[in-house]
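Subject: Structure handover

Hello,

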Amino acid sequence: MADLKLVETDTVSSTSGHALIYAAVVKDDPAERSSPIPATTKLLFVTSEMGDFIKAGGLGEVSTALPRQLRAFCDVRVLLPGFRQVRAARPAMDIVRQMPRTASLPPWSLGRFATADGLTIYAVLCDELYDREGSPYGPFAGGDFGDNDLRFGRLSLAAAEIAAGEADPNWKPDIIHVNDWPSSLAPGYMRWKGLATPSILTIHNLAYQGLYQPQRMAALGIPDLAFNVNGAEFHGKISFLKSGIYYGSHVTTVSETYAHEITTPEHGCGLEGLLKTRMDEGRLTGIVNGIDDSWNALIEGGKTSEQIVRQWKRRNAAEIRKTFELPDSRGPLFSIVSRLVHQKGIDLSLEAAESIVASGGQLIVTGRGEPRLEEAVERLARQYPRAVAARIGFDDGEARRLFAASDFLLMPSRFEPCGLSQMYAQRSGALPIAYRTGGLVDTIEDGLSGFLFSSLTGQGLTSAVVRAFDAFRTKRAFRQMREHAMAKRFDWRRPTFRYADVYARALAA
């Protein structure tokens, strides 16, 4: 049985004082058992983004949190490209070694530095590939950089060169953990080098695979023998991601439900056969992400009252309504905090908005994405100026205040490998309303901490919205659901232990 205690944090609202959030202290935490791997184990965590410096999505948040948690189990170092933002954050760093050109992959230097809390970072220093404006993957205006195959081939080969002991002769990893397609060639390069170092690939989103024409093989230094169905070839193209799945020791993905979904034609993106084989071999594991400790900070003390939580929610709601120029209302406040893209079901949310407004609710939308959906959101706000507000863009502090203010979060994603917003929402007392898919299934308890629906249509979402209104009007039921949601714990302790267990299995094999 979880004990319900009070969390106090000042990160949610800049004007309403400290935020009060319930936290569950769960007994028999598996992360409190002994480590499944020796503390001397050396782990190289390879990523294309890290929230300390630059991020585009959930991978950046995972790369910020998970390596730091893994330090309790092993000697972990992070490898990422030497983006302009990384160089700006750390203009002076140690140069471990200068490395030569390979095929069309430019020469590079291995930079090394430590973060303020002592995490060792390796940077692939190659300004012709990484010193440019934009996200990790493309210009701020949108699209991809035309040389991403070289940019992330360089990252992947750098990881293999570190694994071989070529780039840092004083530190050689026992295991490598790569993430998504940008580093997924690393297990292939390791195999082609004849290395036996085990490698773990985490798939954060199978839809992005890093596909390139076969004529790029020579430029990337990929041997001809790898262009094979039992290799890096995928429907006549090179697939970075398939290389990681095929050559890697073990594959993980970011929720248990998504691990099963990607073995089916509906969600497997053409790789379901290989992924089903990995699952049958016991080499595919789903591990739900954690969320940042600022959402889970715990203080000792007794249980807090519903009245305190209700007052905190009301203060944040009043503040956010003022910010978005909505009038006061006794009805529920719904929110959308999301990329405005087709995957996230924004079109379904816009359909359900009519029911929200008609029933006396209000809706606030924040995010950016596809121009047609941005325009549709702004059009809805103009149509219902007293009930709907929108801001095209994203501000982390404002998003936190919106979670704290909301009664419900709309999240009807068509697919969602893990999702973080539904966890942020529950910790903040906003009940998520979500399609029954991926990590949403694994983190939302239907009728207890939120609402799930099974028909991926506007009507399906609207039916769940009706259920939400019914709960809101039944004050006791709504209070119990909110209390249950806020008591859920989504920290990194359990996921970290499970990753360590995967490492142990790969090392043993």
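Below is what turned up, grouped by element.

One caveat before the details: this is a predicted model.

**Helix H12**

H12 runs over residues 371-383. Its length checks out. At 1.5 Å a residue, the 13 residues should span 18 Å, and the end C-alpha atoms are 18 Å apart, so the two agree. The buried residues of H12 are Leu 373, Glu 374, Ala 376, Val 377, Leu 380 and Ala 381. They cover an arc of only 160° around the axis, so they sit on the same side of H12. The face turned away from that buried side carries Pro 371 and Arg 382, both exposed. What do the buried residues of H12 pack against? Their partners are helix H11 (346-358), strand E16 (362-367) and strand E17 (388-392).

**Helix H4**

H4 covers residues 148-163. The same kind of length check applies here. Its 16 residues should span 22 Å at 1.5 Å a residue, and the end C-alpha atoms are 22 Å apart, which agrees. How many residues of H4 are buried? The count is 16 of 16, so H4 is mostly covered. After H4 comes Gly 165, with a positive phi near 80°.

**The H16 and H17 pair**

Helix H16 spans residues 458-473, and helix H17 spans residues 475-487. They pack at an angle of about 105°, and their axes are 5 Å apart. Angles of 65 to 115 degrees count as roughly perpendicular, so H16 is roughly perpendicular to H17. On the H16 side, the contact is made by Ala 471, Phe 472 and Arg 473. On the H17 side, Lys 475, Phe 478 and Met 481 make the contact. By type, the residues of this contact divide into four nonpolar, no polar and two charged.

Ala 103 is not a glycine, yet its phi is positive, about 55°. Ala 103 is placed in the loop between strand E5 (94-99) and strand E6 (108-114). Is Ala 103 buried, exposed or partly exposed? Its relative accessible area is 39%, so Ala 103 is partly exposed.

His 235 is not a glycine either, and its phi is positive at about 50°. The loop that holds His 235 lies between strand E11 (233-234) and strand E12 (237-239). With 67% relative accessibility, His 235 counts as exposed, because the cut-off for that class is over 50%.

Ser 183 belongs to the loop between strand E8 (175-179) and helix H5 (186-192). Is Ser 183 buried or exposed? Its relative accessibility is 0%, so Ser 183 counts as buried. Apart from neighbours within four places in sequence, Ser 183 is in contact with Val 46, Leu 155, Ser 156 and Val 178.

Thr 120 is in strand E7 (residues 120-125). Its relative accessibility is 18%, and buried means under 20%, so Thr 120 counts as buried. Which residues does Thr 120 touch, not counting those up to four places away in sequence? They are Arg 77, Val 78, Arg 112, Phe 113 and Ala 114.

Best regards

Methods
Residues are numbered from 1 along each chain as its sequence is written. This is a predicted model: local features need pLDDT of at least 70, side-chain atom pairs count only at pLDDT 80 or more; totals for chains, interfaces and linings use all residues. Side-chain values use heavy atoms; hydrogens and water are left out. Helices (H or I, at least four residues) and strands (E, at least two) are DSSP runs, numbered from the N terminus. The expected span of a helix is 1.5 Å times one less than its number of residues. Buried means under 20% relative accessible area, exposed over 50%, partly exposed in between (1.4 Å probe, protein chains only). The arc is that of the directions from the helix axis to the C-beta atoms. Contact means heavy atoms within 4.5 Å. Axes are lines fitted to C-alpha atoms, for helices over the stretch in contact, and angles run from 0 to 180 degrees between N-to-C directions. Angles under 35 degrees count as roughly parallel, over 145 as roughly antiparallel, 65 to 115 as roughly perpendicular and the rest as oblique. Ala, Val, Leu, Ile, Met, Phe, Trp, Tyr, Cys and Pro count as nonpolar, Asp, Glu, Lys and Arg as charged, and the others, Gly among them, as polar.
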